[in-house]
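Please consider the sequence and the model shown below.

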Amino acid sequence: MGAMATELRDKVIVITGGAQGIGATTARALARLGARVAIGDVDQVRAEKLAGELDALALPLDVTDGRAFGEFLDEVERRLGPVDVLVNNAGIMLLAPLEQEDDEATTRQLEINLHGVIHGTREAIKRMRPRARGHIVNVASMAGKAGFPGAATYCATKHAVVGLSEAVRLELRGSGVDISCVMPAVVRTHLADGLVETKMFKSLQPEDVARAIVDVVRRPRFDVYVPRSLDVTGRLGRLVPRAVSEWFIHAVGADKVFMGARSGERAEYEARVRRS
C-alpha cells in the first residue's frame, strides 16, 4: 500500500461527523492545505456554517442509514469529483455501568459508532476499488484496544472498528486502496465532557488528532496512535500478565476516567446525541 507522501491540493476528502470536534478541526486543517473538503453531518446548520468558512461542501448525512450514505457519496462525487479519502469520524459516547445502560443507549452507539463505519467503508470500497486508488481512515479510539469500566458498549464499538479495519486491510491488499485506523486517547471535545484527568494519561486536543489524520492521509499506514506513545504502552500491557496490567490501570487511575465522569457536566451532550 501507499508509502509515498501524498500532496493534498485538490484531493476530494470526505469527513463524517465533520461539523464539530475532531471532524471540524480536521476539515479546517485539510482545507488549509488545499483539499476539496466535503462535510457530512446530521447538524446541517453547523455543517453549512463551517463549510462557508472553508469554501467546502456540506451535505446532510445520517451515517446509520446505509442507503443514504451511498447517496451522500454519490452527491459528493457529482459535485466535487471522485472521492480520494473518506474519514469515518462520526461517533458518540454514552456512559454508564453496563447493567444501568438502557437499550436505547446501546443501540444508538452501535448504530453510529459501528454500523456507520461499516456503511461508509463498504460504500467507499465500491467506488475506490474499480479506480484502484483511494484511502479510508477509520477513527476508532484507544478504547478499541483496551476495556474501561463505565464505557463497555463504547469500548465494544471501538474494538469492532479496529477489527473491521484489520479485516478490510487484508481484503484490500494489492487493490491500490489504503485503510488506516486512528486510535487516540481521550480528546477534549464535547464527547469527553465531565471526564476526569489522570496523572499518567493526559487528554488531547482535537488539533492533536487532526494533525495525525493529515499526516496519515499524506503518508498512508494502518496503525495511528495518538499520541504515538500509546503504541508502546499497549505493547507492554500485552506482554505482562493480565493481573499486572489491571493493577497498573488501577494505579494510574485509568479505571476511573469513565466511571468517575461527572454526570451533570455530561447531561447536555448525552441528551443531544440521543436525539440526533
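In which loop does Pro227 lie? Pro227 is placed in the loop between strand S7 (223–226) and H7; helices (H or I, at least four residues) and strands (E, at least two) are DSSP runs, numbered from the N terminus. This is a predicted model, in which local features need pLDDT of at least 70 and side-chain atom pairs count only at pLDDT 80 or more, while totals for chains, interfaces and linings use all residues. Residues are numbered from 1 along each chain as its sequence is written, and side-chain values use heavy atoms, with hydrogens and water left out.

The peptide bond that joins Val226 and Pro227 is cis, with omega about -5 degrees. Most residues other than glycine have a negative phi, and most peptide bonds are trans. Asp55, in the loop between helix H2 (44–54) and strand S3 (57–60), has a positive phi near 55 degrees although it is not glycine. Asp55 is exposed, at 74% relative accessible area; exposed means over 50%, buried under 20%, and partly exposed in between (1.4 Å probe, protein chains only). Ala132, likewise a residue other than glycine, has a positive phi near 60 degrees and is found in the loop between H4 and strand S5 (134–139). With a relative accessible area of 45%, Ala132 is partly exposed.

The charged side chains come next. The structure holds 23 salt bridges, a salt bridge being a side-chain nitrogen of Lys or Arg within 4 Å of a carboxyl oxygen of Asp or Glu. One of them pairs Arg127 with Asp74, whose closest N and O atoms are 2.7 Å apart. Arg127 lies in helix H4 and Asp74 in helix H3 (residues 66–80), so this pair ties together parts that are 53 residues apart in sequence. Arg127 is buried, at 13% relative accessibility, whereas Asp74 is partly exposed, at 43%. A network of salt bridges links Asp74, Glu123, Lys126 and Arg127.

Helix H4 also holds Met128, which is buried, at 1% relative accessible area. Leaving aside neighbours within four places in sequence, Met128 has contacts that include Val83, Leu86, His135, Ile136 and Val177; contact means heavy atoms within 4.5 Å. Met128 and Ser175 are 47 residues apart in sequence, and their C-alpha atoms are 9.0 Å apart in space.

Helix H4 (103–128) is also among the elements that cover the buried residues of H9. These buried residues are Arg266, Tyr269, Glu270 and Val273. An α-helix has 3.6 residues a turn, so residues three or four places apart point the same way. Helix H9 (residues 263–275) has 13 residues and reaches 18 Å from its first C-alpha to its last, close to the 18 Å expected at 1.5 Å a residue; the expected span is 1.5 Å times one less than the number of residues. H9 bends by about 25 degrees at Tyr269, where the bend is the angle between axes fitted to the seven residues ending there and the seven starting there.
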